[in-house]
Amino acid sequence: MTSTPELDWNDTTDRTNATRGLIDKLEPCVVRNEAGRVVWDNDRWDFLNKEECPATVNPSLWRQSGLNTAQGLFEVVPGVYQVRGLDVSNMTIIEGATGLVVVDPLTSKEVAAEALGLYTRNRGERPVKAVIYTHSHGDHFGGVLGVTTKAAVDAGECTVVAPDEFMHHAVSENVFAGPAMLRRAVYMYGRSLPVGAEASVGFGLGQALSTGTVGLIAPTESVTGTGQELVIDGVRLFFQLVPDTEAPSEMNFYLPDHRVLLIAENVNHSLHNVLTLRGAQVRDAHAWASYITESIQLFQDAEVLIGSHNWPTWGKDEVTRMLTEQRDAYAYIHDQTVRLMNQGLTGAEIAEEIQSFPGELGKSWSVRGYYGSISHNVKAVYQRYMGWYDGNPAHLWQHPPAEQAARYVRAIGGADATVASARQAFDSGDLRWAAELLNHVLFAEPEHAAARELQIATYEQLGFAQENGTWRNIYLTGAKELREAGRDRPRTGAPGKESVDMLAALDTGQIFQSMAVRIDGPRASAHRLLLRWEFTDSDEIWTLLVGNGVLTPMRGEAPGGERPQLTLRLERATLDLILAQHTSFADATGSGAVTTEGDVGVLATFFGLLESPKRHFPIVLP
């Protein structure tokens, strides 16, 4: 996880390309919402380009983070522009005959509006004729309301183009596991860390995510296959559909009149994640590599490569080299993991065997593990094929962490003896073993002060050494939370207005399925409930059955003619407002927005069985 002498530190190509074509900057590069709250501050990263790399940051990560801070409006080629450094992602703007095609409108509307304003200040005001979402991750669509409106889309003034199955995947990832993912994302992205040489320096793919208002407008046109072509306001686009790569719904496209290939998030100036550390379903590294091969074959005339993150690559040969290196990185990880897996090695063992890429690939800046890493990507490939169990009977039915920790500490001779062994490991430089021993002590005796202090120091030293930005953030966040353990945490409020657009994007079945994973099964097992939901604006009918501790949503009538205990009639938008806590069932019933027939007490019983997810569950302590 550290830099190697194989890297050419005299190569200034990336620094040149990161600033090439700069037209204008946002000064200061600070964006606020309507209430005056800062939702983006790029200037706080200025130290990365003004100071020498300190001992507390890996030099390779320091270099990458400094490159990612370049901000402003950049000309890629005449007629194609990017706004970079106003969010984790890039917004691409293509000039058409009378207006603009905006690609990937960032994470939140405030920064997207600022990005479009920066373009307008320099190139003149033009209407947005189309918005293109390259894939189903929020940092590529959440700012759409900063560049267009739903009214403009509904009126046909603006087209919204996205890959097949976009809406399903844009919202479904967070339906079930969203709360756990968000908690782990605090670690991965360093969201609670200050910025500085002993704290966060970014996470390789970008510096941070903006924190403004997130919205979503449904696509009006879907790309359903490779070779599909569109002409939007005179702009010719040739699409390549690449599902189940970096995102389950994703596409690249080529601008033949500009010879520019937009590769979405499939190729970046960093190794990406086969399994993101915040949690997700494992991605298909084999398919990922295969689609990049297809890109190389399809777009041999491309002279410029741009993506959803980082900076462009210019020159036909350089584009081919970039695509080839990225393709080979994912293929190597996949193929060598499978080879060693079939030799009997486990994921952890394979990760120790494959610590770097061979030959020329190992010298490439573009496949360094700033965001994804070889180590956790190898384990992800193993997990995709083999699952969590490594085949060893001793690992089939292990004690949970706290129970296991107590037994380890007792076997070693007590907490103090274990800390003493950890101190020896720390002093000898075996930080991984020190962290393992101290973790056992803290899960057995969370208040052990010496273990806590030494674990803080261990995590900090591990973090400072990492070339991978997410690994650094995870270690340093762990140290921070250990240091702050026991302090009162600020209470987080209920979901705000920003959540309504996302709720509206879920279909009704997804809404009810999200309730099913919140049912407290043991308590629910004492009840049998049947609720009928009639949505008057769509004529949808849903029946919710609670039985055997399970909530089963069913579209249509209850089977067997069983009579519901309660029938509710309402518009779907009313349910969205209630779930977003903009109103309540009582208020909606009082206003006539909800009418009921039957035992209204069933509703209270039903919602009383739903458990609210924890927003801040412990990670480094039991």
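Is D539 buried or exposed? In this predicted model, in which local features need pLDDT of at least 70, side-chain atom pairs count only at pLDDT 80 or more, and totals for chains, interfaces and linings use all residues, D539 is exposed, with a relative accessible area of 69%; here exposed means over 50% relative accessible area, buried means under 20%, and partly exposed lies in between (1.4 Å probe, protein chains only). Residues are numbered from 1 along each chain as its sequence is written, and side-chain values use heavy atoms, with hydrogens and water left out.

The backbone is considered next. D539 is placed in the loop between β17 (529–535) and β18 (540–547), where strands (E, at least two residues) and helices (H or I, at least four residues) are DSSP runs numbered from the N terminus. Although D539 is not a glycine, its phi is positive, at about 60°. N310, likewise not a glycine, has a positive phi of about 60° and is found in the loop between β15 (304–306) and β16 (313–314); N310, however, is buried, with a relative accessible area of 6%. A further feature of the backbone is the cis peptide bond from E27 to P28, with omega near -5°, and P28 belongs to the loop between β1 (22–24) and β2 (30–32). For background, most residues other than glycine have a negative phi, and most peptide bonds are trans.

The interior was examined through its nonpolar cores, a nonpolar core being a set of buried Ala, Val, Leu, Ile, Met, Phe, Trp, Tyr and Cys residues joined through side-chain atoms within 4.5 Å. The largest such core has 80 residues, and those with the most contacts inside it are Y133, F512, L531, W533, L568 and F606. Helix α4 (residues 109–123) gives the most to this core, with six residues. Apart from it lies another core, of 36 residues, which includes I263, L323, F357 and A380. When residues up to four places away in sequence are not counted, F606 touches M515, L529, L531, L544, V546 and L551, contact being taken as heavy atoms within 4.5 Å.

Two residues with polar or charged side chains, by the classes in which Asp, Glu, Lys and Arg count as charged, Ala, Val, Leu, Ile, Met, Phe, Trp, Tyr, Cys and Pro as nonpolar, and the others, Gly among them, as polar, are also buried: D576, at 4% relative accessibility, and Q510, at 11%. D576 lies in helix α19 (residues 572–579) and, leaving out residues up to four places away in sequence, touches L503, A504 and I511. Q510 lies in helix α17 (residues 508–516) and, with that exclusion, touches H168, V171, S172, V175 and A505. Q510 and P553 are 43 residues apart in sequence, and their C-alpha atoms are 9.5 Å apart in space.

Finally, helix α12 (residues 415–427) packs with helix α14 (residues 449–465) at an angle of about 25°, with their axes 10 Å apart; axes are lines fitted to C-alpha atoms, for helices over the stretch in contact, and angles run from 0 to 180 degrees between N-to-C directions. The two helices α12 and α14 are therefore roughly parallel to each other, since angles under 35 degrees count as roughly parallel, over 145 as roughly antiparallel, 65 to 115 as roughly perpendicular and the rest as oblique. In their contact, V419, A422, R423 and F426 of α12 meet A450, A451, L454, A457, T458 and Q461 of α14, and by class these comprise seven nonpolar, two polar and one charged residues.
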